[in-house]
Each structure stands twice: as structure tokens, then as C-alpha cells.
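Reader: I'm new to this, and I'd like to learn how to read a protein structure. Could you walk me through one?

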Amino acid sequence: MKNLYAVLICLLLVNITNAQDRFLTKNGEVAFFSSAPMEDIKADNNQVLSIIDATKGNIAISILMKSFMFEKALMQEHFNENYVESDKYPKAIFKGDILNFNNLTESKTKVEVKGAISIHGKTKEIIVPATITKTKESILLTGEFFLKVADFDIKIPKVVVKNIAKDIKVTFQFNYKPYQK
């Protein structure tokens with residue numbers, strides 16, 4: 001009977017330890033900004049799901065494209081229907097690694113996040129500069145980078161080509177908490 005209790009306690013501790021090795025956010029923030037001669041376009045999404053495996057520094061991010069909110073409803077409609085085709089490609093996905101994750105301290109640190117981003121059915125390898133603050137209770141990851149619209153086979157009609165930048169500035173902020181089952 002003592003052996004059974006010992007095994008159960010060990011299994012419980014393994015589950016608790018594994019849960020503390022993963023950090024999750026369901027309300028990460030991603031925004032993009034397009035500055036072009038005719039107009040600026042900005043969209044925000046604060047319903048981004050992301051998880052970090054703190055044992056390896058792996059990161060995964062899932063962005064529902066229809067959750068981007070624009071200042072003008074017509075911009076949002078065009079974004080979803082004509083450009084990213086949200087019904088056909090509902091999510092943008094990033095899978096990668098936070099480089100040198102195991103060497104982080106509790107102070108704010110500059111890092112690189114390396115991985116593959118998939119948007120509009122196309123995948124591209126990227127390296128993103130970021131800032132991370134890691135404690136036992138949370139991980140804060142922030143940064144910005146640029147994406148080329150052409151890399152993801154997003155077609156911009158000639159009539160609005162001056163309204164949309166070729167390089168889109170993307171900013172992000174994720175505040176992760178320990179994953180609780």
C-alpha cells in the first residue's frame with residue numbers, strides 16, 4: 001500500500017512540474033501597421049493564443065484573422081474577404097524557439113525568436129528580435145518586426161496598391177501565466 005501511495009504522489013508531482021513548465025496566454029496582443037502614401041492602416045487583435053514550453057524555449061502562437069479590429073469597418077471587410085481570405089485561411093500560425101531561453105534571468109533581456117510563420121497558406125522562416133522578462137510567475141514577451149505582403153502571396157489590386165505598404169510593421173505583447181490544467 002505504501003508503494004501505491006508513493007507512485008501516486010510521484011505522478012502528481014510530475015504533473016504539477018510539467019504544468020509549471022508551460023506558460024500560456026489567451027489574450028496576447030498583436031497589431032499591424034501599414035503606412036502608405038494614400039493612407040495608414042492599423043489593426044489590433046487581443047485574442048491571440050500562445051504557449052511557451054519553458055523546459056526548451058519552444059513557442060507556438062495562433063492568431064484568428066477575423067479577430068483583427070480596424071478603425072473602419074470597410075477596411076476590416078476587405079482585409080478578411082479580399083486579402084487574407086479569412087474563411088479559407090482562418091489563422092496565422094507561428095512555431096519556433098526563443099533562442100538562449102535557458103540562459104535568461106529575471107531582468108529584461110533582448111532575445112531572438114526563430115521559427116516559421118504561416119499566413120494565407122504560405123510559410124516563411126523568420127527571426128524576430130524581442131524583449132523578454134521571465135519570472136516564476138510570468139513571462140512577458142514583446143517586440144516588433146516587418147513582414148512583406150508578397151511573401152504570403154497576398155494579392156493587392158492595382159487600384160489600391162498605393163493604399164497598402166509592401167512591408168507591414170507587426171508588434172506584439174504576450175503576458176504568459178503558468179498553464180493550469
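Reader: Let's start with strands. In which sense do β3 and β5 pair, and over how many bridges?

Author: Keep in mind that we're looking at a predicted model. Here β3 and β5 pair in the antiparallel sense, over 7 bridges. To find a spot on the screen, look for I59: its bridge partner in β5 is G96.

Reader: What does β3 do on the side of strand β2, and how many residues lie between these strands in their hairpin?

Author: Strand β2 covers residues 40-53 and strand β3 residues 58-64, and the two pair in the antiparallel sense over 5 bridges. Their hairpin has 4 residues between the strands, and G57 takes a positive phi near 85° there. Look across from D53 and you'll find N58 of β3 standing opposite.

Reader: Okay, how about the inside? How many residues does the largest nonpolar core have, and which have the most contacts inside it?

Author: The general idea goes like this: in soluble globular proteins, nonpolar side chains tend to be buried together. In this model the largest nonpolar core has 45 residues, and I59, F68, I98 and L141 have the most contacts inside it. The element that gives the most to this core is β9, with 5 residues.

Reader: Which residues is L141 in contact with, leaving aside its neighbours within four places in sequence?

Author: Quite a list! Among them are I59, I98, V111, A130, F172, F174 and Y176.

Reader: Now for charges. How many salt bridges does the count come to?

Author: The count comes to 7 salt bridges. One of them joins the side chains of D87 and K66, at 2.6 Å from N to O. D87 lies in the loop between α2 and β5, while K66 lies in the loop between β3 and β4, so the pair ties together parts that are 21 residues apart in sequence.

Reader: Is D87 buried or exposed?

Author: D87 is exposed, because its relative accessible area is 66% and the cut-off for exposed is over 50%. K66 has 42%, so it counts as partly exposed.

Reader: Where do K148 and D167 lie, and how far apart are their closest N and O atoms?

Author: These two form a salt bridge with the closest N and O atoms 3.1 Å apart. K148 lies in strand β8 and D167 in strand β9, so this pair ties together parts 19 residues apart in sequence. K148 is partly exposed at 44% relative accessibility, and D167 is partly exposed too, at 34%.

Reader: Last one: which element has the lowest mean pLDDT, and which the highest?

Author: That's helix α1, residues 2-20, with the lowest mean at 45, whereas strand β5, residues 91-98, has the highest at 98. Over residues 1-19 pLDDT stays under 50, and the model has 2 contacts beyond four places in sequence for this stretch. Where pLDDT is low, the predicted coordinates should not be read in detail. As for the protein chain, it averages a pLDDT of 89, and 89% of the residues score at least 70.

Note on methods:
Residues are numbered from 1 along each chain as its sequence is written. This is a predicted model: local features need pLDDT of at least 70, side-chain atom pairs count only at pLDDT 80 or more; totals for chains, interfaces and linings use all residues. Side-chain values use heavy atoms; hydrogens and water are left out. pLDDT is the predictor's confidence in each residue, from 0 to 100. Contact means heavy atoms within 4.5 Å. Two strands pair if DSSP finds at least two bridges between them. A nonpolar core is a set of buried Ala, Val, Leu, Ile, Met, Phe, Trp, Tyr and Cys residues joined through side-chain atoms within 4.5 Å. Buried means under 20% relative accessible area, exposed over 50%, partly exposed in between (1.4 Å probe, protein chains only). A salt bridge is a side-chain nitrogen of Lys or Arg within 4 Å of a carboxyl oxygen of Asp or Glu.
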